[in-house]
Amino acid sequence: MNSPLQADTAKSIHCRFQLEYDGFKLDVDQQIPGQGITVLFGSSGCGKSTLLRCIAGLEAANTAYLKVNGEVWADSAKNIFQPVWQRPLGYVFQEASLFPHLNVQKNLAFGRKRSRFIRDPATLEQSIELLGIGHLLQRMPDRLSGGERQRVAIARALAVCPQLLLMDEPLAALDLQRKQEILPFLTRMHNELEIPVIYVTHSPQEVTRLADHIVMLEDGKVVAAGTLESVLTRLDSPLADTKQASTVLKGVVNLYEPEYQQLEVVFAGGVLNLPAAEAREVGSEMRLRIYARDVSVALAAPVHSSISNVLPAQIQDMTEGEPGLVVVQLKLGESLLLAHISRKSAARLELKIGMLVLAQIKATSIV
Amino acid sequence: MLTDADLGALWLTLKVSFTTTVLLLLIGTPLAWWLHNSRSRWKPVWNALVALPLVLPPTVLGFYLLVMMGPSGPLGKLTTSLGLGVLPFTFWGLVVASCFYSLPFVVQPLQNSFAAIGQRPLEVAATLRASPLDTFFSVVIPLAKPGFLTASILGFAHTVGEFGVVLMIGGNIPDKTRVVSVQIYNHVEALNYTQAHWLSGILLGFSFLVLLVMYSVLKTPLQLHDVKQERP
């Protein structure tokens with residue numbers, strides 16, 4: 001499907017690419033919002049990295065049209081192709097790919113001194129500070145850990161003041177520990193950066209944590225696109241009937257009870273209670289991930305139950321999931337939630353579309 | 001010990017080798033870069049032509065060069081019309097011949113080191129606003145440093161050791177075209193073994209030293225593991 005995510009073309013990225021090699025075919029015509037993080041998501045070999053390389057101009061597509069925030073970067077019909085080095089973008093590769101003959105400072109300066117778009121000299125310090133690499137400036141790349149190297153690579157891409165940041169699985173080459181080391185920096189980047197970011201990944205964790213929008217690819221084609229919430233809760237999305245199926249709710253902290261280490265979060269559709277080791281500032285935004293397997297459906301409120309989150313909901317849609325499972329789409333106020341329940345329970349409770357039920361949420365995690 | 005003629009031959013050898021190496025780096029670098037990047041279907045032909053001096057007997061190479069650079073050869077006509085006279089039996093004739101003779105020893109190490117760099121650093125440079133020419137000077141040349149070192153040393157050392165081509169093109173003119181290898185031949189012809197020993201010993205020591213330096217320095221080539229490309 002090719003539905004545009006956003007109608008405002010002045011602040012959007014329109015890309016259309018057709019490319020064929022070695023039996024693989026990429027065929028994409030997609031509008032991507034001109035702000036926030038858009039994640040290109042899919043299994044390996046689905047063409048997400050190739051699409052990103054096409055956007056950068058590193059790969060030349062047979063048919064190409066690319067318009068970024070009003071500027072045409074490529075149009076094969078008019079024989080327009082801006083070479084990579086003239087495009088105002090930043091690119092982070094899967095491997096940090098720092099220049100081994102330059103120290104960190106010179107790596108950061110490499111693109112910066114060649115960029116025509118630097119208006120604010122403070123942006124270099126900002127990116128150094130944002131990625132926490134101030135103490136590494138004099139080191140050579142082979143004296144850095146994998147995580148540090150990737151942080152320098154991200155700072156190097158930001159230091160050129162790009163108008164579009166492209167990131168190709170920046171965490172995939174790192175072990176779990178290094179991933180956890182970098183994710184907070186990316187979350188921070190997400191909150192502080194104003195430019196659009198296109199982020200390629202196959203990790204659901206990175207999707208739920210970072211994405212504002214998702215473009216889901218399969219075999220070189222877009223199979224789903226939209227905001228994070230809408231794609232995650234769609235029953236026909238490839239994620240809906242897998243064990244990883246989950247929903248992300250964006251909420252605001254309302255209350256923290258230190259004696260129970262309990263957090264109360266208000267979202268568009270109700271209030272959720274969840275355990276949290278640390279206090280959160282009241283009013284701060286947070287993302288909650290709820291797995292479909294942790295949501296069950298009841299017709300009456302349980303009297304003696306340990307489940308503290310029981311919210312009124314309406315069944316919006318239902319579909320067959322994995323053998324013996326039904327995927328139920330629940331509407332809680334403004335929000336949508338997915339629930340995996342057994343087919344037998346669905347029959348016993350005579351669940352139907354439109355029914356008013358209670359959603360019981362067993363577990364919620366902060367992402 | 002060494003006579004004036006021996007010293008003259010040594011000095012001439014160094015001069016020819018040094019000039020040849022500098023010229024070959026200037027010609028060989030763009031040639032190797034072009035061969036590395038070329039998608040032309042004639043690429044194997046060019047590669048084969050560059051490698052020819054590796055397998056051709058030096059006398060064959062020398063013979064063709066002599067004919068080409070002679071008064072009625074195409075190169076000879078060109079140099080004559082430019083007022084340079086004909087090149088055989090001159091210093092520059094030796095240099096031109098040496099350039100052909102040592103070409104693969106400069107071009108091939110460069111080609112290998114360009115290949116070892118891979119596409120990724122070039123892509124990184126492009127995303128950091130560096131034009132292709134800029135990338136070549138600021139990324140390719142620094143990363144190919146081991147290749148340039150190997151190319152210079154092999155080019156120089158191989159030119160020092162040439163004999164057959166020199167004999168065909170340069171002949172045996174003292175201080176003009178009589179290099180060490182020819183001088184050694186003269187000494188042996190004249191049964192002058194002491195002098196031959198001295199010069200041969202010097203060349204042996206020199207060659208060993210050059211290779212020793214090369215292998216000591218290249219033991220720790222630039223770390224390229226971080227910038228190698230992976231196909232997505």
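Author: What follows goes through a few labels, each set against its definition.
This is a predicted model, in which local features need pLDDT of at least 70 and side-chain atom pairs count only at pLDDT 80 or more, while totals for chains, interfaces and linings use all residues. Residues are numbered from 1 along each chain as its sequence is written, chains are lettered from A and ligands numbered from 1 in the order in which they are written, and side-chain values use heavy atoms, with hydrogens and water left out.

Reader: Why is L186(A) called buried?

Author: Buried means under 20% relative accessible area, exposed over 50% and partly exposed in between, with a 1.4 Å probe and protein chains only. L186(A) has a relative accessible area of 1%, so it is called buried.

Reader: Which residues is L186(A) in contact with, leaving aside its neighbours within four places in sequence?

Author: Contact means heavy atoms within 4.5 Å, and by that rule L186(A) touches I154(A), M167(A), L171(A), Y199(A) and L210(A).

Reader: What makes D134(B) and R114(A) a salt bridge?

Author: The rule asks for a side-chain nitrogen of Lys or Arg within 4 Å of a carboxyl oxygen of Asp or Glu. In this pair the closest N and O atoms are 2.5 Å apart, and the rule finds three salt bridges across the interface of chain A and chain B.

Reader: How much area do chain A and chain B bury between them?

Author: Buried area is the accessible area (1.4 Å probe) that two parts lose on being put together, summed over both. For chain A and chain B this comes to about 2500 Å², 60% of it on carbon and sulfur atoms. W85(A), H101(A) and R114(A) supply 25% of the area that chain A buries against chain B, more than any other three residues.
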